[in-house]
Amino acid sequence: MDWHQLWEIASAPDNVPIVGMIPLLFFYIYLAWKQAKANDELIGELETNPAMAKTHHRKTWPFRPGWQKEVHVWPFLLRIEFLAAIIVTIVLMIWSITLYAPLEEPANPNLTMNPAKAPWYFLGLQEMLVYFDPWIAGVVMPTLIIIGLMVIPYIDTNPLGSGYYTWKQRKFAIGTFMFGFIVLWVAMIIIGTFIRGPGWQWFWPGQTWDHNRLIYEVNRDLPDLFGITSNLAKGIFGAIVVGGYFAAGGFLVHAFFRRYNPKDYKRMSLLQYSIMQFFLLTMVALPIKMALRLALHIKYVWITPWFNV
Amino acid sequence: MAEQPIPEQDPVVTKSYALHYVVAMVILMASLFWALWDEAFGQRPWKTFQNEWKQRYTAFLKTAESKSEKSQKDVTQTPEYRQLEQAFNQASEAARSRRDELQKGIADLSAKILAVQNVFTDKRAFANAINYEIETETSASGKKSKQKDLDDYKKEQWTVEYPDGHKEKYNFQQLEEKYNELKDERTKLNAELGEVLKPVTAASTLMSAYINEHMVDLTPAQIEGLKKKTSEWDPKIVQINVAEANIVDRCESCHMGIREPLKLTAASMTAKGEKKPDEYADAFVSHPEPALLKTHDPDKFGCSPCHQGNGRATTSVEKAHGNYEHWLWPLFPKRNAEAGCQTCHSADMVLVSGDVGWTISEAKDLFRQKGCMGCHRYEGYDKEPEDLNTVSQQIKQSEGQKKDNIKEAADLMKQADAAESNEDANRLNDKAIALKVSNSKLDGRIQQLDFQSHSLMQDMKKVGPNLKDIRLKLNKNWIPVWLKKPTDFRPTTKMPNFRLTDHQIQAISAYLWQSAFTDAPPKQKPGNAAHGKELFETRGCLACHSIGQGDQMMGGVFAANLTREGEKANYDYLVRWIHNARQRTRPYCPYEKRDLGPEDYAKKGLPYQFDLEHSQCPNDGHELQVQNMTVMPSLRLSVEDAQDIASFLMTQKRQEPSAYADASFMDDPKLKDEGKKWVRHYGCAGCHEISGMEDEGRIGTELTYEGSKPIERLDFALFTVPAERGTQEPITDPEDLARLPEGPAKGPWYDHKGFFEHKLAEPNVYDKGKIKSETETLRMPNLHLNKEQIQALTTFLLGSEESSLPDSYQYKPGDSRGDIQRGWWIVKKYNCMGCHQFIPGQKTILMGLPQYRENPEQLPPKLLTEGARVDPEWLRRFLSNPALSEADTNRNGVRPYLKVRMPTFSFSDNELRALVRFFQALSQQPIPYIPEQVPVLTAKETDMARSLFSSTAAPCLKCHATGDPQHDKIATAPNFLLAKERLKPDWAERWVLDPQAISPGTSMPSGLFRRENNQWVFAGPTPPSFQGYTKDHSRLLVDYIFRLTPEEQRRVAASRGRTGASNVTPSIQKQAAVAAGGGGSR
């Protein structure tokens, strides 16, 4: 275990936000989960005993005479927000005194730094470049992510769960978010920060980042495994595989969604439903492709003269 | 939440956050103050430095001041100063009454002027404003009305109240006149005051000048000034900003004492009560080389161009010194500080300051002498092959151009014949003629280029011997033993250890043996070894070569140690080598790329003769390499003497040559090809001339800008991480470990310095732990350097940087200083400094030898002022043939009495030109030299001069050679007949007046003449004819010597008789002894 190396990575001013992000992420998930659990219990009680709704307000506390039905934002909310603002100011001030901007030497066009890393918030995108060709990872995927985020309000037909934490009422939405944001986005940032060393090679935490390290890693394209040589055949083969994935995946998702989420399914139009299917399958394709690459050394599945998937 | 008890009061409304707020605010305020402190001090550590500086420097100045006061007191006690003081008092007494009057008058006038001025400037401002309005008014009527306003205004009357209370009224014009009148009056009074005070100020100036002249250190007044400056100092960034070179250096914000006029040491800057100097004391010292700052004014050069570091950074010592990961030019370590010189002075072999003992100068010598440029290109080193390449390309180009021209001319003529009109025909003909003329120009150019290549061919030298000659030269069985580890045979050799395997050794020696010349050298008669030893020790061989090993070693390290020469050498070849090392076995034609033999000459019916006069290829007319590419000169010995020396050297052995194991594998033809591969692989041809590899390129990386190579490009291999973390010293071999200048690594060494030092100490260190094939291993051989040498070379490499400074900062002078640079290259190339002293204080190798300690007059002449001394045209002739004679060459031309021989270096025309210009430039002599006319003496003057020259009181003829063989045996100075051509008359006169000033330690006596009534008079008893002679006796003597003819010399010698020569007047002899002792060069 090379603690020196680990400390060097963790203490680099560039990486401090990421190191800080990890506990914060767990903390806020825990907090949200705790509140969601309490709310879900209350929802359960209210559903069985509608009379309770008259004696309970503010979700958690039972009603008491003399309590105000509603409290004002000022001062009751703002005083807490202001306290939070002070604490954040303290953190920022101490941070700026103790850690300097990570400036480096003037850029040298003849010498590329190794590893050359994007700013931390783009490390996820950079990690995607390992699995897809630049056009897909750099242009298509980011565009789809943005469009997908924009589309959410239009395909989300579930009226419940706004304004309070709940798991029971929004299992699908929250599950998808947890998967897409925490497993895919945050995990890829952590991989990019802690795992990727010189030559963008995979170093487990605690392994020394040796610039001279050589590893045997030959990636093959999926059509090659099947002995397909002509470009046309490769294109057709890839299209069939990718199409097959979307078709099979679509049926699988359809089966589960209808079974476990029948209310939403009923509320959604065909257009909403198929858009949801497309984005969900595209998102799930990313970890599948990662697994294919990391475990089976498969470079591309679909090869065309214009793009590779 | 049924389980939770429900509070009485609504917690959202009633919960108090007061404590939270108190705690948060306290922390916020604390961090605010922390931020303020950080802003004022944390980020500005130089403030603390400056405050410390104020305290410590003031304390230092106080002690310095009391010392200075004491010495000033001593000065003011002297009668001279008293006299000056008295004069001052008298002058001020005399001037006092008038001075007081004038000062009072001036004060009165000033008050009056002020009173008038107050009113006048106010009115004038108003008038000017109206004036402006008139000027810019467009309508004529408006102009008129405003003009009227102005005129009215100027007629108004205003009151001026004078200081004494009385008032007066003036209009505008009167006011102006009054004002000017008062001012004129005051100027007059001021001028008079100056006149009155003149003697007083003059006297006071004399007083302070006297103090300044007679005090060694600063005067109390000066120190008082420094104290005042220090106490009034407000902490601020001290910055040198040179916009043209993009230099912003804030180093002096902490290093406050660096330019102070007093010498500050760390000890003197240590705070009271402290024992050891702390970081402040170390920072406050003065610059250790103030002389360097004089030539490199910090206001123009800043600090970082020489020292590097981050001149702009002020937040911490590490940042400012650039000692952090992302600053690419960290401060040069103290031990390698001279690396900074190299960044601008890479073209200088000897830095201009001329001081001896500079690490960087030693490093340059080392780099050259060890033959580093055989494998590594370095801009400026070993440039002859590159120049030669350029020249031969130009020749080819010109020849091609000529051919094209001929073709085109013929074409044009044809067109002219077929032209339609006469005009066209003439035009085309003219063009053809022009082409023919340009061809004749090209012919001239080609000839010049041929001369160039002749010179360059002569200048081209190799560090190692010519291996084409090994069959003639060497004991065959010795070769594999040598290759195994050269230092085992000869510890001081330049030949490095290549770590060859036995098989590689066999293959390499087989290739070298089989590709060498098979001609046999002429047989030589055995010589007299005892006489040879004497010659070896006296002819000057030891200036370059050494003999004896360990403590017994004697002589120079420029060339090989000859202690075991007898084991390896072939006697016949050795004789030829000593007689003339440049003599080649066969000439080499670079055009055909092969060595020519007698058959090539026979084909053309030419005699098989090749030397500098016969240097053209019989086959294609190109310049041949007709010399061995060695710097070893010819000592112009007779063949017998060469045989004697060779016989002596053959006795130098520890074992018999026959004791070496048989190496008959060297004749195995199967090994030859493999051997060639290894010879090429290891770049042997970088230092040696090897058959078939005359045009081999260098195998190493270029080092010109090695210091600025990104650290990522330096391959630490498996030691990258250990070097970064300082966890492991890779060198384990104790011999190599001992080479590290600072011992085994104690901390991180992942920097250029660490890389170079380890690489030089053990060149294959970065192969350690790697699995590599024979051809992949690092090839750099172990140069068996010592600590000092590695430190010097590291300094050299660290300074080998691509400078960010503008070209004007690089020292590449085009004037005579450039001549000096080029000259040093040649002087160092041939090791001239082994025999001659060029710089005062420089030690020559011969000076250190025991045989010269007793009789220093046998040392070769010092060349301190050679350029001022000799006629450059004569110098050129002398350098090309130091015997100064075509027939009688086995002697010294100027100083036949010296046993040590000025060798014939067979300099090329280029080198002769450069050397002559070098000597001229070194003595600041103008080029070209126009000789001074020596006047013709009258018969009477000649008689006088002769009588002086030959008088027993003047010892000239005792030491100087006269051409009489019997006398010349004991002569210790050159013949006067040479003076006319050789010397410059003005120098000769300076020489006879004070030779010690020109060449300290010379045996030429000083004090031959003394100054009497503005005239140089001979110091001994003058002959009677000198009565009433008013010109300088010294000048007369010099003129006489410059007009001396052989007949005259014979006549004088005859008239004197030999016996008289040694009978010198005792008084002069004594003077001579005093002068020689006073010179103190020994």
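Predicted model: local features only at pLDDT ≥ 70, side-chain atom pairs only at ≥ 80, totals over all residues.

**Notebook: sheet, core, interface**

Residues are numbered from 1 along each chain as its sequence is written, and chains are lettered from A and ligands numbered from 1 in the order in which they are written.

**Entry: the sheet**

I looked up the other bridge partner in β9(B) and found Gln627(B) facing Gln583(B). Two bridges join β7 (residues 583–589) of chain B to β9(B), and the two run antiparallel. My terms here: strands pair if DSSP finds at least two bridges between them; helices (H or I, at least four residues) and strands (E, at least two) are DSSP runs, numbered from the N terminus.

I then turned to β8(B), which pairs with β7(B) over two bridges, again in the antiparallel sense. Cys589(B) stands opposite Arg594(B) there. The hairpin of these strands has four residues between them, and Lys593(B) takes a positive phi near 60 degrees.

Which order do the three strands take? I read an open, antiparallel sheet, β8-β7-β9 of chain B. β8 (594–595) and β9 (625–627) of chain B are at the edges with a single partner strand each, so one side of each has no neighbour in the sheet.

Buried means 20 or more other C-beta atoms within 10 Å of a residue's own, exposed means 12 or fewer, and partly exposed lies in between, with C-beta atoms placed from the backbone.

Next I checked α25(B), where ten of twelve residues are buried. Among them are Asp641(B), Asp644(B) and Phe648(B). The cover includes α21, α22 (565–568) and α23 of chain B. From first C-alpha to last, α25(B) reaches 16 Å, close to the 16 Å expected (1.5 Å times one less than the number of residues).

The largest nonpolar core has 51 residues, and those touching the most other members include Leu574(B), Ala646(B) and Leu649(B). Such a core is a set of buried Ala, Val, Leu, Ile, Met, Phe, Trp, Tyr and Cys residues joined through C-beta atoms within 7 Å. α20(B) gives the largest share, seven residues.

Setting aside neighbours within four places in sequence, I found Leu574(B) in contact with Ala569(B), Ala646(B) and Leu649(B); contact means C-beta atoms, placed from the backbone, within 7 Å.

**Entry: chain A**

I counted 28 residues of chain A in contact with 26 of chain B. Helix α5 (residues 78–98) of chain A supplies the largest share of the chain A side, nine residues.

Last, I looked along α2(A), which bends by about 25 degrees at Ile22(A), with Pro23(A) following within four residues. The bend is the angle between axes fitted to the seven residues ending at a residue and the seven starting there.

Terms used: Contact = placed C-beta atoms within 7 Å.
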